[in-house]
Amino acid sequence: MPVHRREGGPIVGVLVMTVKLGDIRLLDIDVGGEVERQAVLVDVRNDWQNLCGTVVQHPQFREEWVSSKKVPLVEEGVCKTLLGIRGREAGHRSMPEIDQDFYDPVLETRRIAAIAPVAVRQEQTGWFVIVAEPTLAE
């Protein structure tokens with residue numbers, strides 16, 4: 001996060017936080033029974049390769065992906081949808097969007113998903129939480 005001397009002024013520093021993969025527990029979504037829900041954290045800001053939709057956290061994420069070219073990205077259409085939600089919902093609480101055909105790039109399967117932006121102090125972060133579960137067809 002850039003740190004400015006004054007609002008709109010030049011950047012004088014950068015505030016960062018590091019977290020070991022797998023240490024983030026987004027939420028406990030075990031509701032009992034047979035449903036296999038998983039929470040995924042996605043960053044829609046362009047990465048160092050100018051790509052959108054980096055999967056930041058996933059229960060099945062593997063550490064070796066960090067130093068390889070295998071860093072999972074959500075599909076381009078999903079990223080466009082997320083950017084649209086981000087623009088629409090800036091500073092407002094919203095109901096989750098539903099994606100009936102979400103492609104999970106880590107599990108490499110289609111799932112049904114609820115998607116919501118992550119805001120801190122009513123400011124958009126560029127992150128989204130996607131809670132996905134198998135479709136009825138699975």
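Biologist: Okay, and what does the protein average in pLDDT?

Modeller: The general idea first: where pLDDT is low, the predicted coordinates should not be read in detail. Here the protein averages 78, and 73% of the residues score at least 70.

Biologist: On to the sheet, then. In what order do its strands lie?

Modeller: In general, strands of a sheet pair through backbone hydrogen bonds, either parallel or antiparallel. In this case the sheet is open, has 5 strands in the order β4-β3-β7-β6-β5, and its pairing is antiparallel. The edges are β4 (54-57) and β5 (97-104), each of which pairs on one side only. From one strand to the next, the twist averages 45°.

Biologist: How many bridges hold β3 and β7 as a pair?

Modeller: There are 6 bridges between β3 (residues 38-43) and β7 (residues 123-134), in the antiparallel sense. If you want a spot to start from, pick Gln 38: its bridge partner in β7 is Ala 132.

Biologist: And which residue stands opposite Ala 114 on the β6 side of β7?

Modeller: Strand β6 (residues 109-120) pairs with β7 over 9 bridges, again antiparallel. Ala 114 has Val 131 of β7 opposite. Follow the chain from β6 into β7 and you reach their hairpin, with 2 residues between the strands; Arg 121 there takes a positive phi near 55°.

Biologist: What about side chains along a strand? How should I picture them?

Modeller: As a general rule, in a regular strand the side chains alternate between the two faces of the sheet. In this structure you could trace that idea along β6, residues 109-120.

Biologist: Between β5 and β6 there's a loop with Val 106 in it. Is that valine buried or exposed?

Modeller: Val 106 is buried, at a relative accessible area of 11%. Pro 59 is 47 residues from Val 106 in sequence, yet their C-alpha atoms are 9.2 Å apart in space.

Biologist: Why do you call Cys 52 buried?

Modeller: Because its relative accessible area is 19%, and buried means under 20%. Cys 79 counts as buried too, at 3%.

Biologist: Last topic: salt bridges. How many does a search of the whole structure find?

Modeller: The search finds 5. Take Asp 43 and Arg 45, whose closest N and O atoms are 2.9 Å apart. Asp 43 is buried, with a relative accessible area of 13%, whereas Arg 45 is partly exposed at 39%.

Biologist: And what does Arg 110 meet in a salt bridge?

Modeller: Its partner is Glu 75, at 2.9 Å from N to O. Glu 75 is partly exposed at 29%, and Arg 110 is partly exposed at 33%.

Biologist: What about helix α1? Where does Glu 76 find a partner?

Modeller: Glu 76 forms a salt bridge with Lys 80, the closest N and O atoms being 3.4 Å apart. They're 4 residues apart in α1, so about one helical turn separates them. Glu 76 is exposed, and Lys 80 is too. Elsewhere, salt bridges with shared partners join Glu 75, Asp 101 and Arg 110 into one network.

Technical notes:
Residues are numbered from 1 along each chain as its sequence is written. This is a predicted model: local features need pLDDT of at least 70, side-chain atom pairs count only at pLDDT 80 or more; totals for chains, interfaces and linings use all residues. Side-chain values use heavy atoms; hydrogens and water are left out. Two strands pair if DSSP finds at least two bridges between them. Axes are lines fitted to C-alpha atoms, for helices over the stretch in contact, and angles run from 0 to 180 degrees between N-to-C directions. pLDDT is the predictor's confidence in each residue, from 0 to 100. Buried means under 20% relative accessible area, exposed over 50%, partly exposed in between (1.4 Å probe, protein chains only). A salt bridge is a side-chain nitrogen of Lys or Arg within 4 Å of a carboxyl oxygen of Asp or Glu.
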